[in-house]
Every structure is written in structure tokens, then in C-alpha cells.
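This report describes a protein model for a reader who works with coordinates.

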Amino acid sequence: DGGGLSATDTAVVSVNWNFTGFFRPVDNLPGSNRAHAGSAIPLKFSLDGYQGLEILADGYPRAAATACDASIVADVKETAVSVSGLAYDASADRYVFVWKTDRRWTGTCRKLILKLRDGTEHRAEFRFVK
């Protein structure tokens, strides 16, 4: 300033992307998704525009076993496998990750956890049938 004084300050700015929820065929309501064990499930979501393809946190998405009649998440979490990796559809403004489920999951429930590099987590619950 005019009196010769100065000051320095730092700030941390966090930017969260505008996650709009999962699109069909995945329902956002807890416990509302039924799928055939062994099927490929397209996870579609928007971040309000293209944010690049490096949006997923390391090791995500993950699938965690849950009790089908409760919201208890087991300690075991496995990285969700994709048959095609993450893609972006510019015409629909949607990211797509096709989740390849395991045939051995018949009769079980899983919680899919999508963690983004902005630190946010988004979840969808599935009950697997034959």
C-alpha cells in the first residue's frame, strides 16, 4: 500500500463438478436396481460438460458387497471392471462406464461407488439375480 506495508495470504479453492446423478438404466434410489449377475451395466452420468477423461479417482469405480436387507457395507471393495473403459458422449453430454458384473454375484447385493477426482462420491445399489 502507500505506507509501504504488504501482506501475503494463501487460499485453497475446491472445484466440484456438477454431477447430475446416474441416467437410465441405473436408478438413483437406494436399493432400486435389479440386474442379472454377469451382465454389463452402462453407468451414464453428466458433469455438466466435458471435464476430460481423467475424472475418476484412482481405483474407482469400486463395488462393495452389502447385505441385501440392510445398508451395511462389507470391508471388501473391489475395483469395478469395465469392458470398454470410461468414454464421453458429447452429443448427449454424458460419461459412460460399462460395468462388467460377475456371474457369481447371483443372489447378492453390491453398492457401486463412483469417486471422482474432485473428491465427491456417488453411489448406486444393486441386487443381482440369475
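## Basis and terms

Two strands count as paired if DSSP finds at least two bridges between them. Strands (E, at least two residues) and helices (H or I, at least four residues) are DSSP runs, numbered from the N terminus.

The model is predicted: local features need pLDDT of at least 70, side-chain atom pairs count only at pLDDT 80 or more, and totals for chains, interfaces and linings use all residues. Residues are numbered from 1 along each chain as its sequence is written, and side-chain values use heavy atoms, with hydrogens and water left out.

## Strand pairing

An open sheet of 4 strands is present, with the order β1-β3-β7-β6 and antiparallel pairing. Its edge strands are β1 (22–23) and β6 (81–89), each of which pairs on one side only. Strand β6 runs antiparallel to β7 (residues 94–100), and 6 bridges join the two. Across from Y95 in β7 stands Y88.

In β2, N33 and A35 make up the covered face, whereas R34 and H36 make up the uncovered one.

## The disulfide

Which cysteines are joined by a disulfide? The link runs from C68 to C109, with an S to S distance of 2.1 Å; a disulfide is defined here as a pair of cysteine sulfur atoms within 2.5 Å. The structure holds 1 disulfide. The link of C68 and C109 is right-handed, with 115 degrees about the S-S bond. Distant parts of the chain are linked by this pair, 41 residues apart: C68 lies in the loop between β4 (62–66) and β5 (73–79), and C109 lies in strand β8 (residues 109–115).

C68 is partly exposed because its relative accessibility is 29%. C109 has a relative accessibility of 5% and therefore counts as buried.

## Salt bridges

There are 4 salt bridges in the structure, the criterion being a side-chain nitrogen of Lys or Arg within 4 Å of a carboxyl oxygen of Asp or Glu. One of them joins K111 and E125, at 3.6 Å from N to O. K111 is buried, at 9% relative accessibility, while E125 is partly exposed, with a relative accessible area of 25%.

Another salt bridge is formed by D102 and R104, whose closest N and O atoms are 2.6 Å apart. Here D102 is partly exposed, at a relative accessible area of 21%, and R104 is exposed, at 70%. R123 and E121 also meet through their side chains, with an N to O distance of 2.6 Å. Both of these residues are partly exposed: R123 has a relative accessible area of 38%, and E121 has a relative accessibility of 34%.

## Backbone geometry

Where do cis peptide bonds occur? One joins R24 and P25, with omega about 20 degrees, and P25 is placed in the loop between β1 and β2 (33–36). Another joins Y60 and P61, with omega about 0 degrees. P61 is found in the loop between β3 (40–45) and β4.

The loop between β3 and β4 also holds D48. Although D48 is not a glycine, its phi is positive, at about 60 degrees. D48 counts as exposed because its relative accessibility is 53%. A positive phi, near 55 degrees, is likewise found at D93, a residue other than glycine. With a relative accessibility of 22%, D93 counts as partly exposed.

Key
Buried means under 20% relative accessible area, exposed over 50%, partly exposed in between (1.4 Å probe, protein chains only).
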